[in-house]
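Hi,

Here is the structure I said I would pass on. Have a look at it first, and then read on for what turned up.

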Amino acid sequence: MIQRVQSLFLLMVIILNGVLSFYLPLWITSKNQEIYALSQPLAISLFLLSVLITFITIFLFKKRKLQFVVGRINIILNFVLVGVFAYWTLSLPGEMDISEKGIGMLLPIISIVFIALANKAIKKDEDLVKSVDRLR
């Protein structure tokens, strides 16, 4: 059952948060120095926690309700990551020299979209199983 469409969406989240977060800059300083997630311990830990939760979610295909709940927890975690990025860019201009935002700050938002699509497909599967159970 790993070949379901929600598994593809969750695999995209793993690629976004686990691979691209290392290669795409979070922001660029005024001295044209690119800052990556590896240099920010909070950001990299939240990215890796999201990857771990997503990986666990893929293999919970036999327990669709739990898979749905873990997906929602992952969405909340990615919202926390977006909040951390917003806090860094908006309220710490003197302490953190952010002159230009990088594409890496959009990764949690894109991940939220893919997790929501996966949850929608999980819900659709659960509804299908319930309708088949009614026919028996």
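Lys123 and Asp127 sit 4 residues apart in helix H4, so about one helical turn separates them. Their side chains meet in a salt bridge, at 3.6 Å from N to O. How buried or exposed are the two partners? Lys123 is partly exposed because its relative accessibility is 43%, and Asp127 is also partly exposed, at 37%. Do keep in mind that this is a predicted model.

How many salt bridges does the structure hold? The count is 3. Another of them joins Arg4 to Asp125, with the closest N and O atoms 3.2 Å apart. Arg4 is in the segment before H1, while Asp125 belongs to helix H4 (residues 107–135), so this pair ties together parts that are 121 residues apart in sequence. On the burial side, Arg4 has a relative accessible area of 11% and is therefore buried; Asp125, with 22%, is partly exposed. The cut-off matters for that pair, because buried means under 20% relative accessible area.

Then there is Glu126, whose side chain meets that of Arg64 in a salt bridge (2.8 Å, N to O). What does this pair tie together? Glu126 lies in helix H4 and Arg64 in helix H3, so the link is between parts 62 residues apart in sequence. Glu126 counts as buried because its relative accessibility is 14%.

On to the aromatics. Searching the whole structure gives 5 aromatic pairs. One of them is Phe85 with Trp88, a tilted pair with 5.9 Å centre to centre and 45° between the planes. The tilted label follows because planes under 30 degrees apart count as stacked and those over 60 as edge-to-face. These two residues are 3 apart in helix H3 (residues 64–91), so they are separated by about one helical turn. Phe85 and Trp88 are both buried. They also belong to one aromatic cluster, together with Trp27 and Phe47.

Phe47 brings us to H2, as it is among the buried residues of that helix. Helix H2 covers residues 41–58, which makes 18 residues, and it reaches 26 Å from its first C-alpha to its last. That is close to the 26 Å expected at 1.5 Å a residue.

Leu8 is placed in helix H1 (residues 5–23), and it counts as exposed because its relative accessibility is 53%.

Finally, the annotation. The unreviewed UniProt entry carries "transmembrane region" for residues 7–28, 40–61, 73–90 and 102–122. How do residues 7–28 look in the model? That span is 77% helix and 9% strand, and its end C-alpha atoms are 34 Å apart. Residues 102–122 are 76% helix and 0% strand, with the end C-alpha atoms 32 Å apart.

Cheers

Terms used: Residues numbered from 1 in each chain as written. Predicted model: local features only at pLDDT ≥ 70, side-chain atom pairs only at ≥ 80, totals over all residues. Heavy atoms only, no water. Buried < 20%, exposed > 50% of the residue type's maximum accessible area, 1.4 Å probe, protein only. UniProt positions renumbered as here; feature names shortened; annotations may be inferred. Phe/Tyr/Trp six-rings, centres within 6.5 Å; stacked < 30°, edge-to-face > 60°. Expected span 1.5 Å × (residues − 1). Salt bridge = Lys/Arg side-chain N within 4 Å of Asp/Glu carboxyl O.
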